[in-house]
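User: Hi! I have a structure open here and would like to talk it through with you. Can we start with the sheets and go on from there?

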Amino acid sequence: MTALGPELLQGLVERAGRSDLPAFEAQLRGSGNCARPIRLRGTVTVCDGHGHRRVWTTDTEPDGVLRKACGNRREAVCAPCAERYRQDAYHLIAAGLRGGKGVPDTISGHPAVFLTLTAPSFGVVHTRPLGPDGQPRRCRPRRDDPVCPHGVRLSCGVIHGEGDPCLGEPLCPRCFDYAGAVTWNNTLGALWRYTTIYVPRCMAERAGITQSALREQVRVAYAKVAEYQRRGLVHLHVLARLDRAMPDYRADELHAPEGRFDVELLERSIRDAIETVSAPVGRGLGQARVRWGDQVDMRRLQTGEQRAEIAGYLAKYATKSTEQAGGLLHRIAPDEVETAPVREHVRTFMRTAFELDTTAKQHAPRPAHVKRPTVNVESDWHPAALAIRLQDAMSTREPVRVREHDNTVHTGRVVRLLAAAERRDTTLVVELDSGARVHLADVASVGPAERPAPRLQRDRRDPRLARCAHAFGYRGHCLTKSRRYSTTFKALREAREAYVHEQLLARSTDATQRAIATAETRTAAFEFAGVGHVTAADAFLAASAAARAREQRRLAREAARDGLMAGLADEIAGRCGDARGGADRGR
Ligand SMILES: [Zn+2]
Ligand SMILES: [Zn+2]
Ligand SMILES: [Zn+2]
């Protein structure tokens with residue numbers, strides 16, 4: 001235990017001496033012992049069963065604020081919130097493999113594989129390969145002792161330790177293809193998307209049926225997480241599961257596919273797709289296409305135990321990202337690159353990303369001018385808004401669509417606005433060139449006669465490298481899943497909140513609190529009062545409470561899991577040894 005400074009000690013004594021200490025501790029618990037809670041100030045108003053208005057205010061809470069969890073998923077930002085996210089991620093992934101959380105248990109019989117997709121090599125880096133016996137081997141032994149054009153030896157006979165800072169560093173930084181590496185990371189999302197299109201194509205071919213016939217029989221569901229390697233390249237860990245295709249009206253049901261669509265067919269089709277697929281690099285970055293690296297680790301998931309292990313393995317990666325490769329957590333500006341607290345290898349990645357961004361902007365075509373769609377005005381804004389909208393349409397001869405409250409629709413050009421008997425704040429009647437006359441009091445909305453053009457799709461080929469320079473060029477999410485894979489984070493969160501709610505109701509004796517918990521409508525008015533703990537002592541207390549909670553969870557889990565995960569992580573790392581570029585494996 002580290003010695004406490006006098007200031008911290010003073011803060012702790014002060015907090016402990018306050019009469020609202022239990023309320024403070026309850027807030028910490030309520031926020032999951034968040035390390036940087038959002039502080040809110042305000043009131044919640046409800047009407048209880050007897051028609052009484054009850055107000056709960058933060059004024060009666062410790063320091064006059066309510067502490068809400070920050071909800072960040074990254075361990076490096078807030079460990080307790082990330083832990084909660086990891087648990088949700090675990091349940092979300094495991095549900096898609098074994099059932100539960102609204103997914104039927106029969107899902108465990110569906111063919112499923114787990115695979116790791118790797119990046120190609122962009123230069124020789126220091127690694128820590130594992131031998132078949134699990135023992136680390138020499139980094140880059142080469143009998144011919146080659147030397148690069150810059151006079152650097154491209155061999156390394158050292159057996160690196162697990163935390164060796166040189167792991168993932170290029171042997172010759174000038175030979176390392178940074179532009180290629182950044183471009184590959186940047187195109188990874190597209191390459192994955194293309195792969196998911198290729199898999200059914202390859203499956204249809206293997207099964208000897210057309211693609212549309214296949215679509216009517218099976219669907220592939222995915223969940224994937226991204227892992228940053230020490231060398232700065234991103235790998236994808238992917239779960240793929242085969243389901244029976246269901247008609248739209250039964251789309252939320254999950255059934256096993258017909259017997260001939262088995263795990264072998266799934267595995268072979270994915271291998272075919274990985275071998276053949278390629279994706280074009282972002283607009284303005286040239287004509288090249290990117291492909292997957294040669295090393296693909298694929299395993300069939302047969303037993304329930306295997307499936308649980310894999311879910312745990314993936315959930316762990318979901319709370320990490322750039323920091324795995326020694327990168328920054330936040331977006332960075334071009335003038336901050338040279339002073340950023342990162343190693344030189346990472347800095348060169350960032351510098352290259354900004355250089356490529358400049359190049360891409362010079363070469364990319366200017367976006368076409370998009371005409372703004374005319375607005376739809378609803379009557380509940382104000383009758384005057386309808387009148388102004390109609391006058392506008394009249395002056396530009398724009399055809400409009402006038403919908404009445406009873407859903408009668410008139411379309412045409414506005415001829416004039418007439419005066420009539422006053423109804424609901426307005427005396428105006430609109431006359432269209434179709435002859436229709438509608439009192440403005442009856443109008444629900446006025447909009448363009450033509451349906452507005454669909455919202456302009458985001459340009460998927462825009463590399464947007466400046467925004468993801470801190471992320472080594474990768475602009476995807478850390479954890480993604482296809483829609484039908486399993487439940488959602490939102491559903492898991494809501495279930496948890498409902499449970500907390502129930503617990504609160506069961507235990508609370510405070511009338512206002514109970515009224516708030518049971519009320520059907522609550523009016524909350526909160527203002528933002530800051531982020532983080534107010535004093536170092538508060539932060540210390542939250543951290544200790546988090547550590548205690550973590551320890552309890554660990555003890556509860558330990559017996560059941562017993563090191564399975566660590567063994568699995570080692571095995572996968574061993575199989576992809578070289579391509580992982582010596583990812584540090586202590587995690
Ligand atoms: Zn937090
Ligand atoms: Zn080495
Ligand atoms: Zn060189």
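**Sheets, cores and a proline**

Analyst: Happy to! Strands S5 (residues 218-228) and S6 (residues 234-244) are antiparallel partners, joined over 11 bridges. Please keep in mind that this is a predicted model.

User: Which residue in S6 is the bridge partner of valine 220?

Analyst: That is leucine 242.

User: And what is the strand order in the open sheet of 5 strands?

Analyst: The order is S9-S4-S6-S5-S17, and the pairing is antiparallel. Strand S9 (296-300) and strand S17 (479-481) are the edge strands, each pairing on one side only. From one strand to the next, the twist averages 15 degrees.

User: Thanks. What about the open sheet of 3 strands?

Analyst: There the order is S13-S14-S15, again with antiparallel pairing. Strand S13 (414-423) and strand S15 (437-439) each have a single partner strand, so one side of each has no neighbour in the sheet. In this sheet the twist averages 25 degrees between one strand and the next.

User: How many bridges join S14 to S15?

Analyst: Strand S14 (residues 426-432) is joined to S15 by 3 bridges, and the two run antiparallel. Glutamate 431 is found opposite arginine 437 of S15.

User: Which helix lies across S13 and S14?

Analyst: Helix H9 (residues 383-396) does, running at about 160 degrees to S13.

User: Switching topic: which residues touch the most other members of the largest nonpolar core?

Analyst: Ile93, Leu239 and Ala318 do, in a core of 89 residues. Helix H4 (residues 178-207) gives this core its largest share, 11 residues. Another core, of 14 residues, lies apart from it, with Val414, Val430, Leu432 and Ala441 among its members.

User: What is alanine 318 in contact with, leaving aside neighbours within four places in sequence?

Analyst: Alanine 318 contacts Arg73, Tyr85, Arg86, Ala89, Val225, Cys478 and Leu479.

User: One more spot: is proline 22 buried or exposed?

Analyst: Proline 22 counts as exposed because it has 10 C-beta neighbours inside 10 Å, and exposed means 12 or fewer. Proline 22 is part of helix H2 (residues 21-30).

Terms used:
Residues are numbered from 1 along each chain as its sequence is written. Chains are lettered from A and ligands numbered from 1 in the order in which they are written. This is a predicted model: local features need pLDDT of at least 70, side-chain atom pairs count only at pLDDT 80 or more; totals for chains, interfaces and linings use all residues. Two strands pair if DSSP finds at least two bridges between them. Helices (H or I, at least four residues) and strands (E, at least two) are DSSP runs, numbered from the N terminus. Axes are lines fitted to C-alpha atoms, for helices over the stretch in contact, and angles run from 0 to 180 degrees between N-to-C directions. A nonpolar core is a set of buried Ala, Val, Leu, Ile, Met, Phe, Trp, Tyr and Cys residues joined through C-beta atoms within 7 Å. A residue is buried if 20 or more other C-beta atoms lie within 10 Å of its own, exposed if 12 or fewer, and partly exposed in between; C-beta atoms are placed from the backbone. Two residues are in contact if their C-beta atoms, placed from the backbone, lie within 7 Å.
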